[in-house]
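Subject: Structure for your review

Hello,

Here is the structure I said I would pass on. My notes on it follow below.

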Amino acid sequence: MAKSSAIGSQKQARLERLKREIVAYVAQYPGCSAADIVCHLANNRKMRNHGLTARKIGFFIPRYLKQVNWTLDSTTGKRIYALS
């Protein structure tokens, strides 16, 4: 059986929802970290089945969300996210 390169509709819907939720949270709370985003999504938005971690969010934002910029906090070494 040939491997399909098409993205499934459920996978695409999860990707789009994750994008919307991250942008909405960063717009509401500029200066947040990836751990703050994961905490909000997993606990408040009930996205527990997505397997979110701070590391995954850190890789996800530069890849899919060009409107979200980050700066490095010099005291903690964490990325701080804000909309551009």
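How many helices and strands does the chain have? There are three helices and two strands. Please keep in mind that this is a predicted model. Read from the N terminus, the order of the elements is α-α-α-β-β.

Overall figures

The chain has 84 residues, and 29% of them are buried. Its C-alpha trace spans about 55 × 25 × 20 Å along the principal axes. The accessible surface amounts to about 6000 Å², with 53% of that belonging to carbon and sulfur atoms. As for contacts between residues at least 6 apart in sequence, 47% join residues at least 24 apart.

Helix 1 and helix 2

Two packed helices are described by the angle between their axes and the distance between those axes. Helix 1 covers residues 9–28 and helix 2 covers residues 34–44. Their axes come within 11 Å and cross at roughly 120°, which makes helix 1 oblique to helix 2. The crossing of helix 1 with helix 2 is right-handed.

Which residues make the contact? On helix 1 they are Leu18, Glu21, Ile22, Tyr25 and Val26. Helix 2 contributes Asp36, Ile37, His40 and Leu41. By class, the residues of this contact divide into six nonpolar, one polar and two charged.

To sum up, the chain runs α-α-α-β-β, and helix 1 passes helix 2 in a right-handed crossing at roughly 120°.

Regards

Key:
Residues are numbered from 1 along each chain as its sequence is written. This is a predicted model: local features need pLDDT of at least 70, side-chain atom pairs count only at pLDDT 80 or more; totals for chains, interfaces and linings use all residues. Side-chain values use heavy atoms; hydrogens and water are left out. Axes are lines fitted to C-alpha atoms, for helices over the stretch in contact, and angles run from 0 to 180 degrees between N-to-C directions. Helices (H or I, at least four residues) and strands (E, at least two) are DSSP runs, numbered from the N terminus. Angles under 35 degrees count as roughly parallel, over 145 as roughly antiparallel, 65 to 115 as roughly perpendicular and the rest as oblique. A crossing is left-handed if the near helix is turned anticlockwise from the far one by less than a right angle, and right-handed if clockwise. Contact means heavy atoms within 4.5 Å. Ala, Val, Leu, Ile, Met, Phe, Trp, Tyr, Cys and Pro count as nonpolar, Asp, Glu, Lys and Arg as charged, and the others, Gly among them, as polar. Buried means under 20% relative accessible area, exposed over 50%, partly exposed in between (1.4 Å probe, protein chains only). Accessible areas come from the Shrake-Rupley method with a 1.4 Å probe; for residues, only the protein chains shown count as cover.
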